[in-house]
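Please keep the sequence and the model in view while reading.

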Amino acid sequence: MYIKPTNGTPTSYTIGQLRRDNPQTSFPKTISDSTLAEYGVYRVVQTDAPQVDSKTHRVVKSVQDVDGVWTVVWTTQQLPEDRASGNVRDHRNSLLKDTDYLALTDNTLTEAMATYRQALRDITDHANFPYLEEADWPTKPE
């Protein structure tokens, strides 16, 4: 990935664009970073995105100058509470649906499963709701 800053704002740029923008210049197959810099083009150092719970957070990607090196920087943001709440409730409902067949009258619901299902229904009363950690969720019994 390459960028070409315009008024201090990094804009995505390709080697193909560099060649098209400079038709009278013969570039080598592999262009060095110093040659790119002469044309105001910079290689971007890639970094891994952090892992987040997509029900409650999102990750935003940007390219920033970090100590003179253009780098992909990731920022984690909480979703608005109403959206996170809806996502968590949807996930909870999906987990309940996965065990609904056990609650039918012709099946015997174990005490452990009944406790699990009640804990899922009560998840909205959890102190961390809606921004739950993995450990906040009840564990499904075997």
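Helices and strands are here DSSP runs, helices of at least four residues and strands of at least two, numbered from the N terminus. In those terms, Leu104 is found in the loop between helix H3 (81-99) and helix H4 (111-121). The model is a predicted one, and the points below are grouped by topic.

**Overall build**

- The chain holds 4 helices and 5 strands, and from the N terminus on these elements follow the order β-β-α-α-β-β-β-α-α.
- The radius of gyration of the chain is 25 Å, whereas a compact globule of 142 residues would have one near 14 Å.
- Along its principal axes, the C-alpha trace of the chain spans about 80 × 30 × 20 Å.
- Of the 142 residues in the chain, 25% count as buried, and the accessible surface comes to about 9700 Å², with 47% of that area belonging to carbon and sulfur atoms.
- Among contacts between residues at least 6 apart in sequence, 49% join residues that are at least 24 apart.

- Leu104 and Gln77 are 27 residues apart in sequence, and their C-alpha atoms are 41 Å apart in space.
- Asp100 also lies in the loop between H3 and H4, and with a relative accessibility of 37% it counts as partly exposed.
- The C-alpha atoms of Asp100 and Trp74, which are 26 residues apart along the chain, are separated by 39 Å.

- A polar atom of the Asn22 side chain lies 2.9 Å from the backbone oxygen of Leu18, and, when neighbours within four places in sequence are left aside, Asn22 is in contact with Phe27 and Tyr39.
- Thr71 has its place in strand E5 (residues 69-78) and counts as buried because its relative accessibility is 12%.
- A polar atom of the Thr71 side chain lies 3.0 Å from the backbone oxygen of Val69.
- Not counting residues up to four places away in sequence, Thr71 touches Val44, Val45, Thr47, Ser62, Val63, Gln64 and Val66.

**Backbone geometry worth checking**

- Most residues other than glycine have a negative phi, and most peptide bonds are trans.
- Asn7, in the loop between strand E1 (2-6) and strand E2 (9-13), has a positive phi near 55° although it is a residue other than glycine, and Asn7 is exposed, with a relative accessible area of 81%.
- Asp67, found in the loop between strand E4 (57-66) and E5, likewise is not a glycine and has a positive phi of about 55°; Asp67 is exposed, its relative accessible area being 78%.
- The peptide bond from Phe129 to Pro130 is cis, with omega near 0°, and Pro130 is placed in the segment after H4.

Notes: Residues numbered from 1 in each chain as written. Predicted model: local features only at pLDDT ≥ 70, side-chain atom pairs only at ≥ 80, totals over all residues. Heavy atoms only, no water. Polar contact = N/O pair within 3.5 Å; in protein donor to acceptor, adjacent residues only side chain to side chain. Contact = heavy atoms within 4.5 Å. Buried < 20%, exposed > 50% of the residue type's maximum accessible area, 1.4 Å probe, protein only. Rg over C-alpha atoms; globule rule 2.2 N^0.38 Å. Areas by Shrake-Rupley, 256 points an atom, 1.4 Å probe, with all protein chains shown as cover.
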